[in-house]
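I hope they are handy to have beside you as you look through the coordinates.

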Amino acid sequence: TMSIPKTFEDISKLRQVPDNQEVFIDMHSDMSLIVEILGYDDEVCDKNIGAHYFADLAQCNDATDSNIESNVIVEDATFIPLTPNRAAGLAVHGTQSVCKKLQENSDVTSEQVKIILIILRMPDVGTDFLVSLNYPLTPRET
């Protein structure tokens, strides 16, 4: 279970979301929260997995620019409580320039988006668990 602010709505009520994701949108801003369960990627070591998933997210977002500001393995056991002993926790944050189309017939604009990515690696159960919070740094024009 996870607590999220009441202003966040489950996007699956509006559009289809893959079975391995939960996606929430803040109804008062352009902030989004994505919870994703992926297969454990044993080809990428813990110290590189943050950059790996951040780059993958940039590709999925069609980002024209991507910059990691911090990428750390979190040693504190309270970072994500009640996790398996061999689980590795990572925190990554940075920015991406993401192209957005505001309306059907409008021009495409680019905006800077702050990405906070939390990764919980659980090799014993073959899972990489990701939580990403995305929010625009540049306000949209209405």
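**Notes on the fold and its cores**

1. The chain has an accessible surface of about 9,200 Å², and carbon and sulfur atoms account for 50% of it. Accessible areas here come from the Shrake-Rupley method with a 1.4 Å probe, and for residues only the protein chains shown count as cover. Of the 142 residues in the chain, 32% are buried, where buried means under 20% relative accessible area, exposed means over 50%, and partly exposed lies in between (1.4 Å probe, protein chains only).

2. Some ground rules before going on. This is a predicted model, in which local features need pLDDT of at least 70 and side-chain atom pairs count only at pLDDT 80 or more, while totals for chains, interfaces and linings use all residues. Residues are numbered from 1 along each chain as its sequence is written, and side-chain values use heavy atoms, with hydrogens and water left out.

3. Now the overall layout. Helices (H or I, at least four residues) and strands (E, at least two) are DSSP runs, numbered from the N terminus. Taking contact to mean heavy atoms within 4.5 Å, 51% of the contacts between residues at least 6 apart in sequence join residues at least 24 apart.

4. How do the strands at the start of the chain pair? Two strands pair if DSSP finds at least two bridges between them. Strand 1 (residues 8-10) is antiparallel to strand 2, with three bridges, and E9 sits opposite I25 of strand 2. Strand 2 (residues 21-26) in turn runs antiparallel to strand 3 (residues 32-39), joined by five bridges. On that side I25 faces S32 and F24 faces L33.

5. I34 has S132 of strand 7 as its bridge partner. Also in strand 7 is N134, which is buried at a relative accessible area of 8%. Beyond its neighbours within four places in sequence, N134 is in contact with D30, M31, S32, I34, L57, V113, K114 and I115.

6. Which residues touch the most other members of the largest nonpolar core? In this core of 14 residues, they are I49, Y53, L90, I115, L117, I119 and L130. Helix 1 (46-60), strand 5 (88-101) and strand 6 each provide at least two residues of this core. A separate, second core has five residues, among them F8, F24, V35 and V131. A nonpolar core is a set of buried Ala, Val, Leu, Ile, Met, Phe, Trp, Tyr and Cys residues joined through side-chain atoms within 4.5 Å.

7. Apart from its neighbours within four places in sequence, L90 is in contact with D46, I49, G50, V72, I73, V74, F79, L117, I118, I119 and R121.

8. M122 belongs to strand 6 (residues 108-122) and is buried, with a relative accessible area of 15%. M122 and A88 are 34 residues apart in sequence, yet their C-alpha atoms are 6.9 Å apart in space.

9. Please look at D62 when you go over the backbone. D62 lies in the loop between helix 1 and strand 4 (65-74), just after helix 1. Its phi is near 55°, a positive value in a residue other than glycine. Is D62 buried or exposed? At 59% relative accessibility, D62 is exposed.

10. Last, the cysteines. The structure has zero disulfides, a disulfide being a pair of cysteine sulfur atoms within 2.5 Å. C45 is partly exposed at 37% relative accessibility, whereas C60 is exposed, with a relative accessible area of 58%.
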